[in-house]
Amino acid sequence: MSLPAILNLLGDRLYSLPLGIVYLTDKCNSKCVTCDYWRYGQTFLSEDRARALAAEFDRLDTRRVLLSGGEPLLHPQWAERARTLAGGRRILWLLTAGLALEKYADQAVELCDTITVSLDAATPETYLAIRGVDAFEAVCAGVRAAVRRGAKVSLRCTVQRRNFRELPQLISLARDLDVHEISFLAVDVLTHVAFARREDVSRGLALSADDLPIFEQTLERTFVDFADEFYSHFIAESPAKLRGLYQYFAALNGLADFPPVRCNAQQFSAVFGAEGGIQPCYFISGQEGRGQGAV
């Protein structure tokens, strides 16, 4: 860790920004039940804004930029904006739902060191129920196209009531797609800040008390059947971390305490909206507007 990054830990001021998370657009071509960008998104990151951010990243010694959204590949000049943000000195990381990844696989692999595809289902039926579009095969084709070109591709799954039974199948799918890694996180139902939500976000997304024994059994079976995948870290989380997902859903039902969380996002990263806003992370609201140098 660099000295400026260490100094970040000593107070409220940022001396460096190791990771910049940039929304290329808040538009999206999915219709996820967990997100409302597809309802309200309308902004594309401008070239002037990208240049201003690149200058700030130079000043703050930012080493990595995550291209996010919305769906970043919907930006008609996404590759040009990516090059501007990289500035010839930063590593790019693409976070995508993957619907357009096959189309842009050559550019994505050329520009980005890592590609993370959000994939919340192991079957077309579950994908449609969660993502609101019939695109499971298109996403898998995009992943395969990127992998064939030598990309380091990972899958990220948001666990919720519609898909928690599919964890074993998702791991098997990740193996079949020959990705580098798969990771799991629990659906957030406690905040309206993330993902442009403007209404109650529960919508039956969290596991019920009746679901918990099934989830526990699914997890325990997964720990046994995929022991090698845990040992090799193909599954990013340890069994203990995944048991934390169970505890989180149990806590939502009043059956346990919430698992402890230690977050250092505000000391090492920031989220920059396509419209000019700045947030400490996806889940904490921040500055609105187009002010520069606000990190």
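Val-153 touches Ile-115, Val-117, Val-143, Ala-146, Val-147, Val-179, His-180 and Glu-181, when residues up to four places away in sequence are not counted (contact here means heavy atoms within 4.5 Å). The model is a predicted one, in which local features need pLDDT of at least 70 and side-chain atom pairs count only at pLDDT 80 or more, while totals for chains, interfaces and linings use all residues. Residues are numbered from 1 along each chain as its sequence is written, and side-chain values use heavy atoms, with hydrogens and water left out.

Val-153 is found in strand S5, where helices (H or I, at least four residues) and strands (E, at least two) are DSSP runs numbered from the N terminus. At 1% relative accessibility, Val-153 counts as buried, the classes being buried under 20% relative accessible area, exposed over 50% and partly exposed in between, with a 1.4 Å probe and protein chains only. The C-alpha atoms of Val-153 and Val-143 are separated by 7.3 Å, although the two residues are 10 residues apart along the chain. The burial extends to the strand as a whole, since 6 of the 8 residues of S5 are buried and S5 is therefore largely enclosed by the rest of the structure.

The secondary structure of the chain comes to 12 helices and 8 strands. Of the 295 residues of the chain, 53% count as buried, and residues 24 or more positions apart account for 70% of the contacts with a separation of 6 or more. The chain exposes about 13,900 Å², of which carbon and sulfur atoms supply 50%; accessible areas come from the Shrake-Rupley method with a 1.4 Å probe, and for residues only the protein chains shown count as cover.

An open sheet of 8 strands has the order S6-S5-S4-S3-S2-S1-S7-S8, with mixed pairing, two strands being taken to pair if DSSP finds at least two bridges between them. The edge strands are S6 (181–186) and S8 (278–279), each of which pairs on one side only. Strands of a sheet pair through backbone hydrogen bonds, either parallel or antiparallel. Strand S3 (residues 91–96) pairs with strand S4 (residues 114–118) in the parallel sense over 4 bridges, and Leu-94 has Ile-115 in S4 as its bridge partner. S4 and S5 also run parallel and are joined by 5 bridges, with Ser-154 in S5 as the bridge partner of Thr-116. A further 6 bridges join S5 to S6, again in parallel, and Thr-158 stands opposite Leu-185 in S6.

Elsewhere in the sheet, Val-65 lies in strand S2 (residues 64–68) and is buried, with a relative accessible area of 0%. Leaving aside neighbours within four places in sequence, Val-65 is in contact with Leu-19, Gly-20, Val-22, Phe-57, Leu-85, Arg-90, Ile-91, Leu-92 and Trp-93. The C-alpha atoms of Val-65 and Arg-90, 25 residues apart along the chain, are separated by 6.9 Å.

Helix H9 (residues 212–225) and helix H11 (residues 239–252) pack at an angle of about 175 degrees, with their axes 10 Å apart; axes are lines fitted to C-alpha atoms, for helices over the stretch in contact, and angles run from 0 to 180 degrees between N-to-C directions. H9 and H11 are therefore roughly antiparallel to each other, a description applied to angles over 145 degrees. In this contact, Leu-212, Phe-215, Glu-216, Leu-219, Glu-220 and Phe-223 of H9 meet Pro-239, Leu-242, Arg-243, Leu-245, Tyr-246, Phe-249 and Ala-250 of H11. H11 also lies across S5 (152–159) and S6, running at about 20 degrees to S6.

In helix H8 (residues 167–177), the buried residues are Leu-167, Pro-168, Leu-170, Ile-171, Leu-173, Ala-174 and Leu-177, and what covers them includes helix H7 (136–148), S5, S6, H9 and helix H10 (227–231). Just after H8, Asp-178 takes a positive phi of about 65 degrees although Asp-178 is not a glycine. Asp-178 has its place in the loop between H8 and S6 and is exposed, with a relative accessible area of 56%. Asp-61, in the loop between helix H3 (47–59) and S2, likewise has a positive phi, near 55 degrees, and at 31% relative accessibility counts as partly exposed.

Technical notes:
Angles under 35 degrees count as roughly parallel, over 145 as roughly antiparallel, 65 to 115 as roughly perpendicular and the rest as oblique.
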